[in-house]
Amino acid sequence: MKTINAHELYKRMQAPEGTWPHRQWALFDVREPGESQNGHIPSATFLPRRMLEYRLPELLSTKATPVILYDSGQADDSRAKLAAQSMDDFGYTDVTGLDRGAAAWQSAGHELATGWNVPGKDFGERQLAVSNVPYLSPDELADRLAQGEKIGIFDVRTPGEYRESSIPGSISAPSFEWASHIKDIADTYDTIIIHCAGRTRSIIGAATACALGIDNIHSLENGTMGWILADRELAKGQDGILGTPSDKSRRYAQQRSRQLADESGAAYIAADTLRNWSNDRSHTPVYIFDTRDMDAYTAGHIPGAISLPGGQACQRADDFAAVPGSRIVFVDDDDARAALSAYWYCRMGFPNVSVLDQGMPGWLQMQYPIETGRGRSALLGLESAERATQAYDAVAFAKVLDLEKPPLVIDVGTSEQFAACHIRGAIWIPRGSLEDKINDYANTSTPLVLTARDPNQSTFAAASLVAKGFTDVRRLLVPGKDWHQSLSTETGLPEGMASTQDTLAIPYLQNKARMREYLEWEEKLGQKHKSESSTSGARVP
């Protein structure tokens, strides 16, 4: 693996062509998300080594794109080297590792960012500070509801988040789905509230409505977490939906959003242009972000397009635009969603942002091909991994577990999956670190069976051990969701394990102290922007 040192990487990232979101190369943190959350090189894309085969096709469709990747840099951490080897096997031709990883970056005195999706969240805080985004606190909202004010509460989180728990009386309006309804909404309610779980999507949603010319709009301060912290109850299983917008409202949103996109610098491209870009593998990747809802996406989308509704696209830009200076094209059904997404990407500074003119109807009119389903590419290297390894079905596996000396069972799934259900007696080694840790448990002749809730993960893990010289390795074909039907299972993490760091700690799924900590972190992102608001009259909480 060729390498770059921390000083050289810093210089490269400080050059105008190397800053986010202008650079035309990728920076991947291949550690587990919890590790990256605790401190990562600013603007790196989290790509755990265990997810390379799953995500590289959508992140780097062009295999000549330059890539820099890093791990912790500790002596017992070879994840960057292993990731680079895998990428070489997959045909990627320009992969460089950061010498001594994150440790070297920090030792050189360079900043480590904490949290995740920092670029998008920082941008949201800037909008709150300098763009006069109005907001209400949960107590203010509750008081005005109690006074009988006609208030529409619109939840811009995903439909799944909304159904799980939501503010009583709210309506599910994920991402920019509400935009085509905006005139109808404004005519119906005295006050409009847009909110998410915390801050960013709430802020961007309210700022979008303001940009569309609506003046009775507010963001809900700290979203559903703020509601909980104000000692108010969320509702479970609500089913409020938007319905169908009027033609007047839909046309207004379409025209106004296109005007915003034009003014921000987004280009409108024809279907034949997009098809030519998609077929050109000599350039950096072309990211096609489909901003429609999942039902529309699965019914038919442009080949290679990623389902990424606008609110998610703004908050999670670093997750999906791994090469941010590449061409980015937003697609909808020729309504407001793609244009609004493009507007915000231009505002964030992305240099090559486009909207597919006439959207999917225009693509279909040209009779260009479409894909159906969830749009997930075939996993890189899966067939060769399957050929290199042997497998047990449930019956054969149950028999070997009954032997006097059964094989060592290793679960390579995530800690959350292991805690929820694993084969009785299995040990847990995260797949990303398997080669580094296996010698603590086994030698090359030890009989091993690799398991995971996702059998593909155990397939890749087994193949990696075979390549390392292990001679008696099998994998379990049965997915974890079916283990309980014929195999003995148990739950819980290994004894004494308190922290795993392989998953993100989602604050709204935890306690109030964690929610407060997270919200304070988000607010701190905006501290540097508050001075900019001093002459603007913005109200900053």
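Which residues does Trp-178 touch, not counting residues up to four places away in sequence?

**View 1. Around Trp-178.** Trp-178 is in contact (heavy atoms within 4.5 Å) with Val-156, Ala-173, Ile-185, Ile-194, Gly-205, Thr-208, Ala-209, Leu-212 and Leu-242, leaving aside residues up to four places away in sequence. This is a predicted model: local features need pLDDT of at least 70, side-chain atom pairs count only at pLDDT 80 or more, and totals for chains, interfaces and linings use all residues. Residues are numbered from 1 along each chain as its sequence is written, and side-chain values use heavy atoms, with hydrogens and water left out.

View 2. Helices (H or I, at least four residues) and strands (E, at least two) are DSSP runs, numbered from the N terminus.

View 3. Look for Ala-394, Phe-397 and Val-400, which are buried. Seen down the axis of H20, the directions from the axis to the C-beta atoms of these buried residues fall within an arc of 130°, so they line one face of the helix. They pack against strands E16 (390–392), E17 (408–411), E18 (422–423), E20 (448–451) and E21 (473–476). On the other side, you will find Val-395 and Lys-399 exposed (over 50%).

Terms used
Buried < 20%, exposed > 50% of the residue type's maximum accessible area, 1.4 Å probe, protein only.
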